[in-house]
Structure formats: structure tokens, C-alpha cells
Amino acid sequence: MPVFDSVTDPASPASAVSTAAVIEIPASASCFEIEGLSLAYGDTPALENLTLRVPRQRVTAFIGPSGCGKTTLLRALNRLHDLNDEVRRQGHIHLEGQEIHAPEVEVAELRRRVGMVFQTPNPFPMSIYENVAFGLRLQAPLKKRQRDEMIEWALRSAALWDEVKDRLHDSAWSLSGGQQQRLVIARTLAVEPEVLLLDEPASALDPISTLKIEELIRSLKSRLTLILVTHNMQQAARVSDYTAFLHAGELVEYAATDALFTNPRLAQTENYITGRMV
Amino acid sequence: MIARWGRRLRIPRGEGAGPWLAAGCVSLSLLMVVALLVLLAGRGLVYFWPTEIELVTLDDGQHFAGHAIRDEPPPRGQLGVSQRLYHTGNRDLHGEVWRWVDIERIASQARPADLVVVERNRWGDFIGRVAGLQEQGRDLALSEAERWPTVRQRLERVVRLREESDALREQVVEPLAKRLAEGRWRDSNDRESLAAELEAANARVLAVQDAMSRDALVLESVNGRRVVQPLQGVYRILRPNAMSGFDKFMAWGRDVWRFLSEGPRAANAAGGVWPAIFGTMLMVMLMSVAVTPFGVLAAVYLNEIAPQGRLTRLVRIGVRNLAGVPSIVYGVFGLGVFVYGIGGTLDEWFFHDRLPSPTFGTGGLLWASLTLALLTLPVVIVATEEGLARIPDAQREGALALGATRAETLRRVVLPMAVPAMLTGVILAIARAAGEVAPLMLVGVAKLAPQVPVDGEFPFLHLERKFMHLGYHILDVGFYSGDIEAAMPLVYATALLLVLVILVLNLTAIFLRHHVKARHGALQR
């Protein structure tokens with residue numbers, strides 16, 4: 001449920017982006033603080049001067065038309081862009097007060113803290129058990145019993161345990177698409193991240209599987225910060241507490257989900273959520 | 001009719017000639033492969049079949065006996081008569097083993113059951129009759145009925161004795177002589193006892209050989225000329241005209257086995273090809289062991305680590321083009337760099353006391369394997385790179401998003417998924433390397449190296465030794481042996497064997513790949 005409702009006046013000259021309507025979240029309640037983030041692939045700008053705070057232990061959805069930069073923003077949060085030499089970045093991203101690009105930050109540890117689930121399920125070609133154990137094996141070695149407990153806990157958290165407990169050593173690729181996506185979530189949960197980034201996690205799934213993933217997202221909110229990129233407006237409305245609407249690399253409106261969908265402040269947002277904008 | 005075939009072949013009607021053309025090309029390729037195998041198998045395997053001996057009487061009353069090989073019509077447009085080629089053997093009697101005969105001059109042909117073919121260590125085959133048996137120079141009094149069983153019994157005794165003498169020489173005499181020559185004894189007493197042991201062993205070998213030379217065959221050609229042939233020098237006696245189909249089949253099987261399991265004789269013109277089979281297999285295996293890690297690491301660097309800039313693209317193009325360099329060029333490179341360069345240096349450092357006779361500074365198994373590894377490196381790199389490129393980025397990102405470093409991602413996710421592609425590369429490399437002869441001639445293949453490079457003597461695998469190779473054996477038998485008629489079937493048989501050896505090596509790798517794929521689930525979907 002939204003707890004912050006002070007919204008900067010779109011007309012106020014104090015606002016960083018004069019045309020945007022951005023909810024202010026206190027620094028003490030935010031998990032990510034993004035300040036003036038710009039990002040470009042070579043000469044093609046993808047994000048321009050983005051400033052927003054993502055609240056802790058809430059579900060925040062990024063919506064917007066294709067190519068608006070929402071996936072780019074998501075990938076910036078766990079530095080997956082590091083792999084691409086062409087990406088240029090300006091601005092800051094703080095995770096719990098720490099700049100994630102600081103030289104003393106280990107990128108592998110950052111990615112453990114900020115887990116990510118992708119659009120298409122990408123289980124590794126191993127058994128179900130080994131998929132969940134993968135992240136654990138990268139950390140300090142555990143006793144087998146402890147590891148088994150962690151794996152059961154992670155699979156239960158992802159609401160998959162009852163379906164796979166008798167076939168833990170089958171190939172992960174023998175699962176259905178929805179099960180695979182929940183397995184990927186379990187795999188990510190096993191390393192106990194603080195943030196879970198979800199990049200259109202249900203777009204490749206059938207309605208029942210989508211429903212299960214959405215339930216899962218709601219149940220995880222109590223212990224994690226979740227950030228969801230979605231094309232599906234109903235989904236954003238159903239599961240998220242806050243919604244940010246991006247367009248052409250810029251943040252247009254960021255508000256509590258109920259407010260944004262029932263009473264958008266900007267005409268551009270309204271057009272998009274009602275499907276009138278191309 | 002054609003329409004019905006079309007339905008059965010799943011070629012839809014009304015699509016014009018395209019599908020038919022494509023299907024035709026496939027059939028043509030298949031047909032050529034089958035024709036190749038049938039030709040090799042037919043010409044190669046028939047060689048071992050004990051053909052019957054014909055006793056030919058010419059119109060002038062002359063006799064001779066031999067295997068009919070083939071008929072040849074007169075040259076086109078010229079007058080003349082058809083001729084038939086006979087293999088008559090008996091080089092010691094008439095200096096020639098082949099005989100062309102005008103077919104019109106043949107007055108009669110017969111196949112008497114008592115004609116024999118004797119395979120000897122000198123002068124090639126004898127074709128004629130067994131006239132008697134001698135024991136220490138004295139003729140044995142044998143009835144007609146006793147003669148053949150006795151001959152076979154005595155021959156078996158000689159074979160047993162030969163095995164005994166070979167075993168004695170290999171297991172007792174040679175190790176002792178080597179120990180003495182290398183000065184490996186504790187004190188002078190020990191040395192003397194070793195010398196005495198060696199002498200005793202030598203005496204035993206001599207005694208066995210003496211026993212072997214006891215018996216001799218008296219052979220008589222169909223013209224009545226006699227030869228005394230010591231049984232010691234006889235490998236096999238057959239009476240093909242008296243053999244049933246089953247006997248012939250058994251004799252054929254035994255001959256094929258001897259071809260596979262024995263070393264060559266008579267300057268490669270007879271005997272088996274075991275050292276060449278072994279050399280080919282071993283060389284290809286060593287090559288695979290050498291090429292796989294290099295190729296895989298290079299592909300991993302090019303595809304996963306190096307920045308994908310212009311330089312990387314250039315290197316990739318270079319690697320692909322290396323695959324097109326003629327193999328003899330690699331041979332020259334191997335000779336210059338491996339044999340003379342590295343091998344020569346190794347000799348100076350570690351084998352100085354044996355110079356000027358080279359140890360590693362001459363062609364050998366190691367240098368041949370490395371040269372072929374270099375030759376097949378591009379194949380492995382390209383196949384592995386293609387496999388790596390097929391792995392979806394989602395897999396890499398999935399691992400990274402769990403907190404894996406790039407090295408951990410590579411080792412735990414990417415490389416295991418690329419194993420089938422690597423094995424595909426190795427399969428292609430084997431297919432290319434096993435048939436390659438030209439570079440080997442420069443870096444270590446030998447015309448005759450009956451000692452295989454693996455034995456019971458430390459360090460068991462002798463990388464510096466020269467080795468035999470089936471491909472080179474074909475060349476040697478086919479082009480450098482004096483008797484082309486005798487060499488031809490051997491060439492076919494050896495070629496068939498080379499194809500089979502490559503097939504076996506490839507099947508092994510394919511089986512391995514299948515096994516790996518099954519373990520990792522349906523990887524390449």
C-alpha cells in the first residue's frame with residue numbers, strides 16, 4: 001500500500017524535470033536512489049537524466065512503450081551493462097546509500113544482492129537441484145544438509161517445492177515454461193538477494209502461470225524489494241505499489257500505482273494507460 | 001507410377017523440378033559413397049579368398065598351374081586374341097610369377113585336388129604338388145593317404161616352435177642383452193651370472209631353431225621340377241581345389257586376421273598391416289589430445305574474452321583461412337620448426353651423448369602428431385566458436401545475475417554447454433587428420449617400422465620413434481613395390497582398412513558426443 005503521497009507539482013520550478021510528475025520517496029525508505037542517470041549505446045541515447053528513488057520492500061513497476069528504456073534501466077541496476085563495451089553512462093545509482101559504480105564495489109557481490117529474472121526462462125542445462133544450488137556453490141562452501149535446506153527453502157519460497165520435490169534430479173529443461181520461470185526465481189532467492197529485478201517475467205507464459213508468478217511477487221514483498229518491468233498494464237496495476245511511466249528514455253510520471261492508474265497527472269500518461277497513444 | 005514414387009518420397013506434386021533435382025543430388029552422392037565402399041571391399045576382401053588352382057594344358061602340350069586373375073581383350077582396333085593372366089608362382093623355378101596366355105591356345109583345363117599353394121618366406125608362393133617329406137635330409141616313407149595329414153601335422157609343429165623361439169628371444173634374450181649392454185649390474189659376479197644366463201638363453205633359442213629346421217618338404221611343380229623347401233620357411237599350405245566352401249571361408253577369415261594382426265613381409269609386398277593400423281590410430285589419438293585444449297582455449301578467447309573489434313575479426317578470418325593451407329605446407333613447417341628446430345635443440349640438451357645420431361631431431365611420432373594438430377587446429381577453433389556463439393546470452397546473464405564472475409560463468413555454464421561443439425570439432429579434425437599423408441612423409445612416417453611405438457619398455461610410449469601409417473602404406477605398396485599385379489589387391493585392402501579405421505575413430509567421438517549431450521539434457525534445441 002502506498003505510504004508516500006507527496007507529489008512534486010509539475011509546474012514547480014524546483015522540480016528537476018520540469019514536465020515530469022515524480023513522487024518523492026524519503027531517502028530513509030528507499031532502496032535504490034537514481035540521480036541524473038543517462039545511458040547511451042554508442043551514439044544512441046537510451047536513458048536521459050533519470051532521477052527517482054525505489055522504495056524498500058515494495059513492488060515498483062516500470063511501464064512504457066517498447067524502446068522507452070525500462071529494460072535498460074533495470075539492467076543498469078545490477079551493472080549488467082558492464083559486459084557491453086559500447087555503453088556509456090553518466091549519473092549515479094546508490095544501493096542502500098552506496099554508489100554501485102564505486103571502485104571498491106565487487107560487481108559479482110552486487111549482482112548477488114541484486115538478483116535478476118529475465119523475460120524468457122533461462123534455467124541452466126542441469127538438474128533442478130543443481131540449478132538452485134548454482135548460486136550457493138559460488139559462495140562459501142556449505143555442508144550438504146545446510147545446502148539441501150536452503151534449496152528446499154528457496155523452492156518453497158518460489159512456490160515450486162510441491163511440484164518438483166520428487167524429481168529434483170531431473171533436468172530443469174523438462175519443466176514447463178511457468179515452472180522454469182519459478183525455478184529461476186528460486187535459484188535467485190537461494191542466494192538471498194535484497195532486490196529482485198524482474199524483466200517481463202510472465203510475458204512468455206500462459207495465464208495460469210502468469211497468475212502464479214504474480215502471487216509469488218506479492219508474497220515476496222515482505223522480505224525483498226521488487227522491481228518489475230512489464231508491458232501488461234493490468235499486471236502492473238495488480239501487483240505493484242508504485243509505478244513509473246517512462247517514455248523515450250525519460251521519466252514521465254512516477255506515482256503510487258492506484259493514483260497513477262485512476263488519476264494520472266499528465267495527459268501523456270493517461271493516453272498510454274488507456275491505450276490511445278501509439 | 002512416378003506420382004506414386006513421389007508420394008512415397010514425400011515430394012509434393014506441382015513444385016516443378018526443384019525437389020527432384022535436390023533428391024537426385026542426394027541419391028547421386030549416396031550412390032558414389034556406396035560404389036566406393038563396394039569397390040574397395042570387393043577388390044580388397046576377395047584377395048584373401050583361396051581361389052582354385054587351374055592345371056592348364058596348352059595346344060603344344062605344355063603344362064602349367066596357376067590362379068586365373070583376369071581376361072584382357074585385344075587392344076581396340078587391332079587384330080589379336082584375348083589373353084588371360086595367370087598367377088603361377090614359383091619364382092625360384094622360372095623367375096616370373098605372372099603368365100599371359102592366349103586363350104585360344106588353351107587346350108584343356110583341370111582342377112586336380114592334390115595341387116597345393118605354399119606360402120614361403122622366400123621366392124613367394126609355390127604352386128604344384130607335395131612329392132614327399134624329409135626328416136633331417138632323409139626321405140620319409142609315406143603312403144599317398146598319409147602324406148597330407150603328416151605335412152599338416154609337421155607344419156603345426158613348426159608354427160609352435162616358431163612361437164616359442166620368438167617368445168624366448170623377446171622375453172629373455174633381448175632384455176638380458178640390453179641390460180648387459182647398458183651396464184646395469186651390481187658387481188662383477190652379477191655381471192658374470194647375467195652373461196651366463198644370456199648364453200644359456202641363446203643356446204635354448206638355437207636348440208629350438210635347430211628343431212625347426214628338422215623337416216623339409218619336397219615340392220614338385222606340374223612340369224616335374226623338384227624343390228626341397230625347409231618347413232621352417234613355410235607359413236601356410238593350402239589345397240584350394242580340395243576345400244569345401246566352409247573350409248575356404250575359414251581360410252579366408254584366418255588370412256584376413258593375419259593381414260590385420262601381423263607385420264609386413266617382403267618389403268611390404270606381403271604380410272599384414274598391424275603396425276600401420278596401430279601407428280595411424282595412435283597418431284590420431286595423440287593429435288586429438290594435442291589439438292583439443294589449444295583449439296578450445298583459442299576459441300574461448302576469440303568468442304568470450306577478446307573485445308569484438310576489428311582485430312578480433314581479422315584474427316578470426318585468418319584462422320578460417322589457415323584451414324585452407326595445403327597440408328604439405330604444414331609438413332614443411334613441421335620439418336623446419338618441430339624436427340630441426342625444437343627436436344635438434346632437445347637433442348643437444350638432453351641426448352648429447354647419442355649425437356650425431358638424432359633422437360628427437362628426426363621425424364617421429366611426436367612431431368607428426370603435433371604437425372597434424374597444427375593442421376587441424378583451425379577446424380577445432382571454428383567448430384568450438386560456432387558452438388559458443390550458439391549458447392544464448394540469457395545463459396551467461398543468468399549466471400552473472402547470480403553473482404558469478406565471468407570466469408565462473410565460463411567454467412560452470414558456457415564450457416559445459418559447448419562440449420558437444422568441441423567434440424564436433426574433434427570429429428572433423430580426426431576426419432581430416434587420419435587421411436592426411438603428405439605432411440607425414442616429411443615429419444616421421446616410415447616405410448617399415450615393424451616395432452610399434454608402444455611396448456613394455458620404459459617409458460612405454462616412444463614418441464621419438466618413427467611409425468607406419470595406412471595412408472603411406474597404400475602409397476608405398478602401390479607405387480614402390482616391384483610387382484604391381486600383386487600390390488593392387490593389397491592397395492584396395494589397405495584403403496578399405498583406412499576408411500574403416502577413420503570410421504571407428506569418428507564413431508568413437510560421435511558416441512562420446514551423444515553421451516555428453518544426453519547427460520546435459522536436450523542442449524541444442
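Predicted model: local features only at pLDDT ≥ 70, side-chain atom pairs only at ≥ 80, totals over all residues.
Biologist: What radius of gyration does chain A have?

Modeller: For 278 residues, the expectation for a compact globule is a radius of gyration near 19 Å. Along the principal axes, the C-alpha trace of chain A spans about 60 × 45 × 35 Å. The value for chain A agrees with that expectation, because the radius of gyration is 19 Å.

Biologist: What percentage of the residues in chain A is buried?

Modeller: A residue counts as buried if 20 or more other C-beta atoms lie within 10 Å of its own. Applied to the 278 residues of chain A, that criterion gives a buried share of 45%.

Biologist: Which residues of chain A does UniProt assign to the feature "domain: ABC transporter"?

Modeller: Chain A as a whole holds 10 helices and 11 strands. Over the annotated stretch the chain is 38% helix and 27% strand, with the end C-alpha atoms 25 Å apart. According to the UniProt record, an unreviewed entry, the feature covers residues 32–273.

Biologist: Which element gives the largest share of the side of chain B that touches chain A?

Modeller: The contact draws 22 residues from chain A and 18 residues from chain B. On the side of chain B, the elements that give two or more residues are α11 (393–401) and α12 (406–434) of chain B. By class, that side of chain B has 10 nonpolar, six polar and two charged residues. The largest share, six residues, comes from α11(B).

Conventions:
Residues numbered from 1 in each chain as written. Chains lettered and ligands numbered in written order. Helix = DSSP H or I, 4+ residues; strand = E, 2+ residues; numbered from the N terminus. Rg over C-alpha atoms; globule rule 2.2 N^0.38 Å. Buried ≥ 20, exposed ≤ 12 C-beta atoms within 10 Å, placed from the backbone. UniProt positions renumbered as here; feature names shortened; annotations may be inferred. Contact = placed C-beta atoms within 7 Å. Nonpolar A, V, L, I, M, F, W, Y, C, P; charged D, E, K, R; others polar.
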